[in-house]
Amino acid sequence: MAGVLLADAQNLSILDPAGPPAESIRGLFVLVSAITFGIFLLVEGVLIYSLVTGRRRAGPGDPEPPQVYGSKPIEIAWTAGPALVVFVLVLLVGRVIWEVQPDPDRPPAGAEPLRVTVVGHQWWWEYRYESYNGRELGFVTANELHIPTGSPGTPRPVYLTLQSADVCHSFWVPRLGGKTDLLPGRTNQMWVQTDEPGLYQGQCAEYCGTQHAHMLIRVVAEPPAAFEKWLAAEAAPAADDPAGRAGRAEFLSLSCVNCHTVRGTPARGTFGPDLTHLMARQTLASGTTPNGPADLRRWVNNPQQVKPGCLMPAFALTEPNLNLAVDYLETLR
Ligand code: CUA
């Protein structure tokens, strides 16, 4: 089940960055690795050289080799050398921290910034779309972050405001940027940006309870036209599909509405993911299973079987009621 999702070409390598913050991090990684590897070679080289050239079989009656107690030049060298290395590393890290830290109030010239508030929940992601290129958005979706790709001369930075609804989580999409924590009672910021359309995968990177491993991140980067289309579809209220009318009444009579919102209906709960365009998402339960009619039915019937410990209870619906509710959910495209 998880295997199916893993199979869709997961690339979680920090060595294959697709945007500026991730590039800065790769640069730092390569440089620090090179410096430390150089030091390793030097130290091991001197050690092996001394072992080989200083080797002499001791005879019975040989005096002890000369014993050296302190040498000012050597002590100065082994204090100054490492201090210099640490100083260089501090400068390198300082530059990268500066580069990955966003300044949402001063986007680069000609940019069309997207602003999204990300709220970490046990165990899913809430995405509140705030604004795009100065235009207010104000809709909420879950588990699949869509972002526009930049074009020549028009960077499209995405400024993420990170918050938590419960415990500590960490947002990490290796090809787009470094880990940034979502902490209760604190707001963090990060930014990502890419010119390459595609699916970028990530993972909650801070242990947050039983289903931490099933708190996957999917970032869909698409060209501006496709992104605009997605925005318009997401911003619209739920479609009133005749095929789902009977099921809708059933759904609205269930306790689903206490936790879930379906915009355009009386369902206004905010504890669980917004379901207004549920079927437009590729996965269910934050990447736990693919999203299709059979999976959806299995999920609604008994979420604890699919994602043990998750906060959605099984409602023990009768067969006809389950069918009605799922029929309705399937119309939420
Ligand atoms: Cu959320 Cu780990």
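The C-alpha centres of domain 1 and domain 2 lie 28 Å apart. The model is predicted: local features need pLDDT of at least 70, side-chain atom pairs count only at pLDDT 80 or more, and totals for chains, interfaces and linings use all residues. Residues are numbered from 1 along each chain as its sequence is written, and side-chain values use heavy atoms, without hydrogens and water.

Domain 1 spans 5–40 + 91–234 and domain 2 spans 242–329; such bounds come from an automatic or database domain assignment. The contact (heavy atoms within 4.5 Å) takes 20 residues from domain 1 and 21 residues from domain 2. About 1,700 Å² is buried between the domains, with 51% from carbon and sulfur atoms. This area is the accessible area (1.4 Å probe) lost by two parts on being put together, summed over both.

An open sheet of five strands runs in the order S4-S10-S9-S6-S7, with mixed pairing. Strands are DSSP runs of E, at least two residues, and helices are runs of H or I, at least four, numbered from the N terminus. Pairing requires at least two DSSP bridges. S4 (144–148) and S7 (180–182) are the edge strands. S6 (169–172) and S9 (198–204) pair in the antiparallel sense over two bridges. Trp-172 stands opposite Gln-203 in S9.

Thr-331 is found in the segment after helix H8 (319–330). Thr-331 is buried, at 8% relative accessible area (buried: under 20%; exposed: over 50%; partly exposed in between; 1.4 Å probe, protein chains only). Beyond neighbours within four places in sequence, Thr-331 is in contact with Asp-241, Ala-243 and Gly-244.
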